[in-house]
Amino acid sequence: MKRFKIAEAHYRHVILAEPLHGDAGFRLADLLATTNSNYVRLKAGELAGGKRAKKAESAYRSALQHRGDYVDGWMALGKLLLHNNNLDDAEVVFRRVTTNLDPKHSAAQYFLGKTMERKGVSAEAAKAFRLAIELDSSNTLARTALNLLLSSE
């Protein structure tokens, strides 16, 4: 926990000194988005909820103001929003990636599909999963999600 606090303080210091330093903003957001400073959990991609999630969301949005074309930053924000059941905002983020930033981003299509599935819009979810597979035939997550979606109808 001590290293987590030190890292957080470091990133905040860099951001104060150089507000346009986008990488520090994204790294702070990534740090805040994890549920635990334990490296194993970080590698597993566990995401925070509650106050930490709000802080992480704020840090992502702040960093994206300086680097609005940073697809990985938008993807991380979208995943955090989806994880915390903020489905309308997650949809906006994933649509931004798939429409404006990188229309050939298979993972963004997959996460758009997962968002639409959770919103109960099966036709839109299936469309996104199909496009994810079309863009990357090795996207097994999208293929599995589409099969599960179709088998449940």
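A helix here is a DSSP run of H or I at least four residues long, and helices are numbered from the N terminus. Leucine 146, for example, lies in helix α9, which spans residues 140-151. The model shown in these views is predicted.

**View 1. Overall arrangement of the helices in the predicted model.** The secondary structure of the protein consists of 9 helices and 0 strands, and its pattern, read along the sequence, is α-α-α-α-α-α-α-α-α. The protein has 153 residues, of which 39% count as buried.

**View 2. The packing of helix α6 against helix α7.** Two packed helices are described by the angle between their axes and the distance between the axes. Helix α6 covers residues 87-101 and helix α7 covers residues 106-119, and their axes come within 9 Å while crossing at roughly 155 degrees. Because an angle over 145 degrees counts as roughly antiparallel, α6 is described as roughly antiparallel to α7. The crossing of α6 past α7 is left-handed. On the α6 side the contact is made by Leu87, Asp88, Ala90, Glu91, Phe94, Arg95, Val97 and Thr98, which meet Ala108, Gln109, Phe111, Leu112, Thr115, Met116, Arg118 and Lys119 of α7. By residue class, this contact of α6 with α7 comprises 8 nonpolar, 3 polar and 5 charged residues.

View 3. Side chains of opposite charge can pair when their charged atoms come close. The structure holds 7 salt bridges, and one of them brings together the side chains of glutamate 91 and lysine 119, with an N to O distance of 2.4 Å. Glutamate 91 belongs to helix α6 and lysine 119 to helix α7, so that the pair links distant parts of the chain, 28 residues apart. The relative accessibility of glutamate 91 is 15%, and this residue therefore counts as buried, whereas lysine 119, at 31%, counts as partly exposed. In another salt bridge, the side chains of glutamate 124 and arginine 95 meet at 3.2 Å, again taken from N to O. Since glutamate 124 lies in helix α8 (residues 122-135) and arginine 95 in helix α6, this pair ties together parts that are 29 residues apart in sequence. Glutamate 124 is partly exposed, with a relative accessible area of 30%, and arginine 95 is likewise partly exposed, at 29%. The residues Asp88, Glu91, Arg95, Lys119 and Glu124 are linked in a network of salt bridges.

View 4. Glutamate 117 forms a salt bridge with lysine 114, in which the closest N and O atoms are 3.0 Å apart. Both residues of this pair, glutamate 117 and lysine 114, lie in helix α7, where they are 3 residues apart, or about one turn of the helix. Glutamate 117 has a relative accessible area of 26% and is partly exposed, and lysine 114, with a relative accessibility of 26%, also counts as partly exposed.

**View 5. The surroundings of glutamine 109.** Glutamine 109 lies in helix α7, and at 6% relative accessibility this residue counts as buried. When its neighbours within four places in sequence are left aside, glutamine 109 is in contact with Thr98, Pro103, Ala128, Leu131, Ala132 and Leu135. Glutamine 109 is also among the α7 residues that meet helix α6.

View 6. The axes of α8 and α9 lie 9 Å apart, and the two helices pack at an angle of about 150 degrees. That angle makes α8 roughly antiparallel to α9, and α8 passes α9 in a left-handed crossing. From α8, the residues Ser122, Ala125, Ala126, Phe129, Arg130, Ala132 and Ile133 meet Ala142, Arg143, Ala145, Leu146, Leu149 and Leu150 from α9. The residues of this contact of α8 with α9 divide into 10 nonpolar, 1 polar and 2 charged. Leucine 146 is buried, with a relative accessible area of 9%, and, leaving aside its neighbours within four places in sequence, leucine 146 is in contact with Ala126, Phe129, Arg130 and Ile133. Leucine 146 and glycine 113, which are 33 residues apart in sequence, are 8.8 Å apart in space from C-alpha to C-alpha.

Methods: Residues numbered from 1 in each chain as written. Predicted model: local features only at pLDDT ≥ 70, side-chain atom pairs only at ≥ 80, totals over all residues. Heavy atoms only, no water. Axes fitted to C-alpha atoms, helices over the stretch in contact; angles between N-to-C directions. Parallel < 35°, antiparallel > 145°, perpendicular 65-115°, else oblique. Left-handed = near helix turned anticlockwise from the far one by under 90°. Contact = heavy atoms within 4.5 Å. Nonpolar A, V, L, I, M, F, W, Y, C, P; charged D, E, K, R; others polar. Salt bridge = Lys/Arg side-chain N within 4 Å of Asp/Glu carboxyl O. Buried < 20%, exposed > 50% of the residue type's maximum accessible area, 1.4 Å probe, protein only.
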